[in-house]
Every structure is written in C-alpha cells, then in structure tokens.
Amino acid sequence: MSLFRRKSADLADPATEAVAPVEDEAVSTRPRGYTPGKGRETPKRPAAGRRPPGATKPLTKEETKELRRQRRAEAAAEFRREGGPRDRGPERLLARNVVDSRRTVGTWFFGGALVVLIGSNQAMPPVIRLASNLLWGALALGVVIDSVLISRKIKKLVLARFPQTTQRMGSLYLYAIMRAITFRKLRTPEPRVAIGDQV
C-alpha cells in the first residue's frame, strides 16, 4: 500500500459521516452574531447609583451662577464656624477661648493706627503730631504687654491640661496674638465663649 493513498470508503467512520453534515447545517442556519446561552437568567443591576430614567434638563446660566453662589456661601459659613486646618486641635481651641474670654488691646490697634497715620501728617500742628506719636507708643506698648499676658496664661493652661502635647508653644503664642489683634466679629472660627467667661 502506498503511504499517500486515500482510505477506502469501507474504512471510514460511519459516526463521523452522520454527524458532520448535521453540524454544518446547524451552523449555517445561525446568524453571525449568535452567542450560546448561559443556561440561567442574567441578574439585573441594582437601581442604587444609576441615573434616573429620562434625560436631565441642563442648567441655565442663571441657575449655574446661583448654584455656585450657594455653594460658596455654604463653604464660607462652614469655614466661619469650624475654621481651617490650622485651627484644629484642642490646644488651638484653648488658645482661642483664652483670647475670646477677655478684652484685648490689639482690637484697638488698627483703629489707633489709622488715627496716628492721620495725626502724623505734616500739615497737622505740632501738638497733634506729638499726641499721635505718644498714642502710637502707648498702643504698641499695650499690645506687647497684652501679648505677654496672653502667652503666659496659654502656657500655664496648656501644660496643665495637655501635659503630653506636641504643639510648639511659639506657634501657639503667635496664633493667639494674631487672633487678639483681630476684631472680635471678624475672628475665624467665631468665638465660642463670651467676654468674662472662665476658661
């Protein structure tokens, strides 16, 4: 027998001959995009997190501006109430309460500085210029003394209530002094204690 000779018809597998035409016929009748079924129903996606049915109406320019203004107002109100990252921590809260519970010379500093600026004008009489310079010196001395007193009280209270604190005292003093020279109504976060309250 030759190696390249075909098998005879009687040696062919009859099962193969019967199945092959049926398979070809089934494939030919299916559409091109046919995907065999999984044998189970595909689960539905949860409704949560999905967009509501129907197209959403785009906002007009006026509505967009109003939404932005509302969000800015909410953010400003939250910042006025809670402050920013530099205002966090129990030591900072204690320093704010120390400053807010007393009257400070610093709140009069900028108003006095404006008076000094006007009174120091060369067009003013010498007496007014002298009084302006004396007022400036008194204000500066008052702010220094007040800052020292505030810093001493903060140090005493922080070391008594937070002995394991990692807060740097110099940073805490500067934070309190800057708050002390700010008008009470402009302080952020807003004061939580009244003048004269015990801290």
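Helices here are DSSP runs of H or I with at least four residues, and strands are runs of E with at least two.

**Overall layout.** I'm working from a predicted model. I counted up the secondary structure and got six helices and zero strands. Reading from the N terminus, I noted the order as α-α-α-α-α-α.

I looked up how much of the protein is tucked away: buried residues are 22% of its 199 residues. The exposed surface comes to about 16,200 Å², and carbon and sulfur atoms supply 60% of that. I also checked contacts with a separation of 6 or more, and 73% of those join residues 24 or more positions apart.

**The core.** Which residues have the most contacts inside the largest nonpolar core? I found Ala95, Ile150, Ile154, Val158, Leu172 and Ala176, in a core of 14 residues. Helices α3 (90-100), α5 (126-161) and α6 each put in at least two residues. The top contributor is α6, with six.

Next I picked out Ala176. Skipping its neighbours within four places in sequence, I saw Ala176 in contact with Ala95, Val99, Ile150 and Ile154.

**A patch on the surface.** Then I went to the outside. Phe110, Phe183 and Leu186 make a nonpolar patch there, and together they have about 320 Å² of accessible area. I located Phe183 in the segment after α6 (169-180).

Definitions and conventions:
Residues are numbered from 1 along each chain as its sequence is written. This is a predicted model: local features need pLDDT of at least 70, side-chain atom pairs count only at pLDDT 80 or more; totals for chains, interfaces and linings use all residues. Side-chain values use heavy atoms; hydrogens and water are left out. Patches are made of residues with over 30% relative accessible area and no salt bridge: like charges are joined within 9 Å, nonpolar side chains (Val, Leu, Ile, Met, Phe, Trp, Tyr) within 5 Å. Accessible areas come from the Shrake-Rupley method with a 1.4 Å probe; for residues, only the protein chains shown count as cover. A salt bridge is a side-chain nitrogen of Lys or Arg within 4 Å of a carboxyl oxygen of Asp or Glu. Buried means under 20% relative accessible area, exposed over 50%, partly exposed in between (1.4 Å probe, protein chains only). Contact means heavy atoms within 4.5 Å. A nonpolar core is a set of buried Ala, Val, Leu, Ile, Met, Phe, Trp, Tyr and Cys residues joined through side-chain atoms within 4.5 Å.
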